Amino acid sequence: MLADDPAALDQAVDLLTAAIDAAPPDHPDRPGYLSNLGVVLRTRFDRTGDIADMDTAVTVGQQALDATPPGHPDHAMYLANLSVAQQTRYGRTGNAADLDAAIATGRQAVDASPPDHADLAGYLSNLGSALRTRFERTGDTADLDAAVAAGQHAVDITPADHSHRSMYLSNIGTALLARFSRTRDTADLDAAVAAGRQAVDATPPGHPDRPGYLSNLAIALRTRFDHTGDVTDLDDAVAAGRQAVAGTPRDHPDLAIYLSNLGFALRTRFGRTGALTDLDDAVTAGQRAVDATPPGHPDRAGRLSNLCGALQTRFKRTSDVADIDAAVSAGQRAVDATPPDHPELAGCLSNLGTALQNRFEHTGDVADLNAAVAAGRRAADLDPSDRSHLAATLSNLGIALRTRFEHTRDITDLDTAVDVGRRAVAANPPEPPQRAMHLFNLGTALRTRFEHAGTTGDLREAAGAWSQAAVSAGAPISVRLHAARACAQATVELDGPVAALGVYSGAFELLPLLAWRGISDGDRRHLLDGGAASLARDAAGCAIAAGDLPQAVEFLEQGRGVLWAQLLDGRTDLTDLEHAHPDLARQLHDCRAVLDQPTTGQRPDAAADDARRDAARRFDALVAEVRSLPPIDGFPHPDRFLRPPQTDTLLPGEDDGPVVVVNISRWRCDALILRHTGITHVPLPGLTEDDTIDAANRYLHALQGAAHHAGSKDIVALTPAGPPPETVVSATLAWLWDHIASAVLDHLGHTGTPDGDWPRVWWCPTGALTILPLHAAGHHAARTGHTVYDRVVSSYTPTLRALAHARNRPATAATAPTLLVVALPHTPGQSPLPGADAERRTLAGLFGQAYTELVDGAATRATVIAGLRHHRWLHASCHGTQNMNDPAAGGLIPHDWQTAGLVGIGDLTDSTQAGGEFAFLSACKTATGGGINLDESINIATAMQYAGWRHVIGTLWSVWDHAAATVTAGVYPALVHDGALDPTHAAHALHHTVRRLRDKHPDRPGNWAPFIHTGP
């Protein structure tokens, strides 16, 4: 095609110019030469963006028209060509006079053409595009209706096989979409999508116009998602946008349009799913769009504003200050480049205001906050004809005003925030998903005013707003969950815990949707950290207050360890389903194969992301299909397929000891004791959530001070001022006894040191208590027996389901009944661990030939991971690390950690790992979770338990090298006989070993208290 050949375009311009120069002024063909030259120049402009070509195209087009009498057969064509040139130049310069002239000449072209004129459809379609463009500039609905009428007429008179019909369909789709934005008539929206699809389907790949049709279709699909919340439309919009960009040359002037549209769709999908890769791609596309748009271009402001939105969204996700500074800069440039009367100015101002307010929250610079309010006020005060974005503008202003109230305590700002929040909700039609965010923001402003003034009506109105937001089906799940939690809290305060149970139940239905399998592990952890931390504990506290203990346990099981529960669901045995419905089982296996692919490390490409999303949606649909099946003998409970286990199935067996779930919530603190006979309850009235957090912070502060003393297996070094670490730890153990353990053990009847068999207790702590050594609670230095060590053998479990899984799991097969020993007395970049050699010697003497060693340089990341697949017993004596802010980044440190990385949680839970019977993790912090969402229990020991290791000995904090060697020497002789290890009594062996060590040094808990047992 001529448009694809720059040399041919240049040659055509030269030839037509020469023909015009050679033709006398009165030559009958000269107007045709002039008009054709205008068309070729416009085509070259479309390829190069050179505005000089468009100026010349308009000039020669006008000359052709001036030289042609009205009755001439080509008069209509010259009018139409000139109209397109004028409209194209307007698109580059924004000169309204060009657009008015384009519409006037376009109308003349249509009027000059008989109904059966071969080119009438093209003239109508071009006129419709010009009218729609003027509507977007002025908001005149008469232009919009005329645009739709002209575009539809063009489609109606064009045969189905006509080569230009795709263009007419795409144009009418764009006009219908514009009318929907004004009228909210869903018939227009559906018709716009249908026309866009027809345009794309009728245009072969490689056609130069196909990217434009794809980009227009993407806009229509994204708009329909905004209206309905149907995520399939959003995925299709992103796919169409990607195809549009991929099919466009890098130097094509329209590439910037397609990039900006794609960026907006990707950012929208991030808001729905939380996938950071989408947000990164949105920023990249937005920046490329801006870079490809020259200064002075009328669309540059809109593209800068879109980039501002993407950058500030990423700042809120990653806290990268460079992003928020760049967002403010882009937002300011967008505002500066927008004419005062432009209808998009309000949106640009609102975007800038939001960016400034976000930067204030990070820096505390009041100038930014005041500027945010000023920008928001300007945006809200503008009164263009199209107020489709009024609700968002008002809601954003409300956030800025409420934020300023929190800084200045000026009640006028807060009252105004409530007022504009109400107006935002009223301005929003009831259907769009964005309304949920506006309701949430209104509720937050009302709650703030209630806390300031104490007016109960404000809190009740806030609860109502949040209640509506929580059930907005198409809204982002994170918004709905935040709203449900806020509503539940307000309901408890207003009407008591019983009234809030239904609200909490609704919140739990959203959790699987929040932590959706279609996004990466890191994205799911981030969403859970922000949306679900404390949800289970608060809901359980409410249920306990209402007297519903089974419901409390159910809440705790559903809302804690969510990612681990998904891991178990992904590995649930499908044997019964395979027998009953083999095809469904096969399809589920196929989905699992995709979802089991690791999502950490190297960034996946778009195709891998799409495959994961598709597999997750297919997985969800298949699960729903299985649950709808009728019961049969071999598959009697399809309705329970992959649902959380019922409480009665999680109770301990008759021969098992009790499980003590200690719930720490904002409402109350309690111990729930589960035995085979049911659930009992021990109130802890002297304990509060704030007290527990304070105790955990003191404890962590002290431990960090001791983290890098000689002989520690930890790589974290921080030495704050304060009391000696052992003093603080001892005080913490006494506090745990006085406030929790004493009451629980008394209730269980364990009031002294046993004479015979030692009873067992499984601790299942929650919240900040997960950091604290509940198993070591007591007054040890007093030697009065008032300690947990002197009354019971302790084990831990992160959830009831994890313990049931470990108890019910069959023994793991192995290539040989051997112990894998990973020993690194010398690790590059770390302090020596001479105790690792002592541990090796102890194990060699016990296991003889049933023993595989990976020592120092042989213990690489790859060899350790491979060794785990072939051994069911493991002893790891090495350095370990944990990042409290990103617990999934912790792991064991192999010899080549500086180049290959850690043996991390993803490695231990990989689908190729079959698990084992016993693991002794003689490394630091292997049982220490994160500090943000404590109830997810992200640590190495828990990862191994969920991955199938039945018994795991780990550490809650840094361990001394000599202490680890002593514990190793005490535990294994009790478990190993004739070179074979029986871990059945691992908890007892650890307990008695540590208790002996405690008896020697009761005032040095750092030597003995870190060690814990997890498992049956």
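Figure 1. Residues 24 or more positions apart account for 71% of the chain's contacts (heavy atoms within 4.5 Å) that have a separation of 6 or more. The chain is a predicted model: local features need pLDDT of at least 70, side-chain atom pairs count only at pLDDT 80 or more, and totals for chains, interfaces and linings use all residues. Residue numbers start from 1 along each chain as its sequence is written, and side-chain values use heavy atoms, with hydrogens and water left out. The C-alpha trace spans about 120 × 65 × 65 Å along its principal axes. Of the 1016 residues, 57% count as buried. Buried means under 20% relative accessible area, exposed over 50%, and partly exposed in between (1.4 Å probe, protein chains only). The chain has 41 helices and 16 strands. These are DSSP runs numbered from the N terminus: helices are H or I with at least four residues, strands E with at least two.

**Figure 2. Confidence along the protein chain.** pLDDT is the predictor's confidence in each residue, from 0 to 100. Its mean for the chain is 90, and 95% of residues reach 70 or more. Among the elements, strand S1 (residues 659–664) has the highest mean pLDDT, 98. Strand S9 (residues 880–881) has the lowest, 82. Over residues 708–721, pLDDT stays under 50. For that stretch the model has 53 contacts beyond four places in sequence.

**Figure 3. Packing of helices H10 and H12**. Two packed helices are described by the angle between their axes and the distance between the axes. The axes of H10 (residues 210–228) and H12 (residues 255–273) come within 10 Å and cross at roughly 30 degrees. H10 is therefore roughly parallel to H12 (angles under 35 degrees). Axes are lines fitted to C-alpha atoms, for helices over the stretch in contact; angles run from 0 to 180 degrees between N-to-C directions. The crossing is left-handed: the near helix is turned anticlockwise from the far one by less than a right angle. H10 contributes Pro211, Gly212, Ser215, Ile219, Arg222, Phe225 and Asp226 to the contact. H12 contributes Tyr258, Asn261, Phe264, Ala265, Thr268 and Arg272. These residues divide into six nonpolar, four polar and three charged. Ala, Val, Leu, Ile, Met, Phe, Trp, Tyr, Cys and Pro count as nonpolar; Asp, Glu, Lys and Arg as charged; the others, Gly among them, as polar.

Figure 4. Aspartate 236 is partly exposed, with a relative accessible area of 28%. Leaving aside neighbours within four places in sequence, aspartate 236 is in contact with Arg197 and Leu221. Leucine 217 is 19 residues from aspartate 236 in sequence and 9.1 Å away in space, C-alpha to C-alpha.

Definitions and conventions: Parallel < 35°, antiparallel > 145°, perpendicular 65-115°, else oblique.
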